[in-house]
Amino acid sequence: MEDKITLAHGSGGVQTNELINSIFKKHFDNPYLTADDAAVLDIEKTVKESDSNLKLTNKVSMSTDGFIVSPFEFPGGNIGKLSICGTVNDIACMGAKPEYLTCAMVIEEGFPVSKLDEIAAAMAKTAKEAGVYLVAGDTKVAGKGQVDQIFITTTGFGHIFEGVSTSGAFAKPGDKIIVTGDIGRHGCTILLERNDFKIDADITSDCAPLNKNIEAMLEATKDVHVIRDATRGGVGTVLYEIAGESNVGISLNYESIPVNDGVKGVCGMLGLEPLYLACEGRLVIFAPASEAEKIVEALKSQPNSEGACIIGEVTEENPGKVVVETAVGAKTMLSRPSGELLPRIC
Amino acid sequence: MSDVIKNAREIIQSYDGPKLRIMEVCGTHTHEIFKMGIRNLLPENIDLISGPGCPVCVTPVGFIDEAIYLALEKGCVITTFGDLIKVPGTKSSLAGARSEGADVRPVYSPDDAVELAKENPDMQVVFLAVGFETTTPSACLAVKKAQRLGLSNFSILTANKTMPSAYKKLAGSADAFLFPGHVNAIAGNSVCKELTSLGVSGVVAGFTANELMTALAVIIEESKKGKPFFVNCYPRVVKDEGNPAAQKLVESVMESCDTEWRGLGMIEKSGMKLRDEYADFDARKKYSVPDIQGKPNPACRCGEVLQGNCKPTDCPLFGKVCDPIHPVGACMVSDEGACAAYYHYGPSINLN
């Protein structure tokens, strides 16, 4: 195996086979991943043999996500880990158990094989952590400059849990709003890795699979109205989206929003609002006040959501607006940023 | 809420004297005042007006045209503070010029621009130097560093400004000023103190909730005494003599000149340009930039907004044609611009 990806690796011949065996099969080996054109999955069996404490319906949630993050590796992970987390979390946010994923890669000619190996290893590790199988894949090699190093697309599906129905339009006045941990770390990490501003800080991406966290929450209570993965645009964007989709107001307790000191410092220096920095492993949950404490406790017991807390509530007044009480006791709307702050963070 | 804020609120909200017009002349003050919702607390007879304190907003249209000229005609790499990139020039902004091939890069400080020039001897790097007394020292430091390093590919395009002449021009627009804390941190308080002899009152304010609320309360209490006043409400940072080292540095590298302020027109001795000894670092001289007269959009009322003569919401373009994504004037582009602040925070004003 050479040390750089060449066009031959993508042409379907001997080198392609070599690449698949020495990297992809090595890391992703499982009974569903075969050399056939497509995977064959017994869905009834999947439901019957589910290891979840929650019952599965026959309804399925399916999602796809493309990943072009630059740089492709960063403190806390790489594009491979991100590609699994992104699709797993999107499926899980619908109240489903992610089960099977596919992955298509487009790799630039000249890309180091050792890095591809690291990316595949990270994908395998994250898939195992999430309890999902990679069952089909495709690899293409594009000429130098036709793609920026490596682009990955993952698609996945999973069965929806019985008794769970969530949507951005279901938030109700009185609901409490919960985040699963400190915000803005992924966006901040990428910003610093690009070295545009020559700031050094000890910040790592929050990128993580959260399906088990959602499952633990749903085991505590199924009475949850909204579960959203906060990615591009951060928690702030999610809040405005839900306020709009559900036509409700949001009263945000700004002081209670958890922000890592490093992120606070960087935001202070650059005039950025942490609420609008991307996350890749943080959920925003809307649930009736009676369920909020149960949800927070269930989340706190899981890795990657130990910092779960309530940050606000849904109101009938000011529909469509996210309102914050300031230090001088006045109420203002959380301002909305416009334009491209940070391109290609995921 | 701290006791300081509680007391200040009490003073502000119980004011029942004659109409009091307070002008804040610092872009960061505009922004923070909105963000904290301080406007929502003011009684009817206190008018808080935004002035020309945002360096991006007072940068004339022609300056953007000059920068684009340098990028497209002279192949210079333009380095700049982020918010200048979207400010409209006569035909387009620097962002628009990028799509025609202009190399425009945001930097956090002028020092980054010097580093870029040092690491890329083939690049002709120009830094867009805008700002008031607070930022000018860093531009001077950058020029001195470039000189020390013997760089022949670094220069600055200046539009630096100073406040004293502007205060005099705006004297009639307000009963009292909220002076910019960090300008005075560099320049000291002597100018503001002298202004009282012209009947101009004001208070130097900091940027935290405590400091801003205190400053406003002090203005109200002092105004009741009926004579011009000056109070330093930011003593932890602002000393009467300012920062002598910074002042000396600027004095040695730059000298004052007449300069155009968007909206206010030409104000004598209100700008700073490089001294002749630094001609090699003056982009206008180095690249023989022709005299470019910018033409602002005639419907844009940024000029009047900057003078405090019209609220952003009075401008016919506000929120309809002109918004942060499609700004017509500088007041909407910059995060510190009055129009941008009104746009982002305006819907908050009726929340209480």
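In which strand is the place of Leu56(A)? Leu56(A) belongs to strand E1 of chain A, which covers residues 56–67; helices (H or I, at least four residues) and strands (E, at least two) are DSSP runs, numbered from the N terminus. The model is a predicted one, in which local features need pLDDT of at least 70, side-chain atom pairs count only at pLDDT 80 or more, and totals for chains, interfaces and linings use all residues. Residues are numbered from 1 along each chain as its sequence is written, while chains are lettered from A and ligands numbered from 1 in the order in which they are written.

Leu56(A) counts as partly exposed because it has 19 C-beta neighbours inside 10 Å; a residue is buried with 20 or more other C-beta atoms within 10 Å of its own, exposed with 12 or fewer, and partly exposed in between, with C-beta atoms placed from the backbone. Beyond its neighbours within four places in sequence, Leu56(A) is in contact with Val47(A), Ser50(A), Lys97(A), His159(A), Phe161(A) and Glu162(A), a contact being two C-beta atoms, placed from the backbone, within 7 Å. Glu306(A) lies 250 residues from Leu56(A) in sequence and 26 Å from it in space, C-alpha to C-alpha.

Turning to the chain as a whole, chain A has 9 helices and 13 strands. Of its 346 residues, 49% count as buried. Among contacts in chain A with a separation of 6 or more, 86% join residues 24 or more positions apart. The C-alpha atoms of chain A fill a box of roughly 70 × 55 × 30 Å along the principal axes.

Two helices of chain A deserve a look together. Helix H6 (residues 211–220) and helix H9 (residues 289–300) of chain A have axes that come within 8 Å and cross at roughly 140 degrees, so H6(A) is oblique to H9(A). Here axes are lines fitted to C-alpha atoms, for helices over the stretch in contact, and angles run from 0 to 180 degrees between N-to-C directions; under 35 degrees is roughly parallel, over 145 roughly antiparallel, 65 to 115 roughly perpendicular and the rest oblique. From H6(A), Asn213(A), Ala216(A), Met217(A) and Ala220(A) meet Lys294(A), Ile295(A), Ala298(A) and Leu299(A) of H9(A).

Finally, there is the contact between chains, with 18 residues from chain A and 22 residues from chain B. Strand E13 (residues 331–333) of chain A supplies the largest share of the chain A side, 3 residues.
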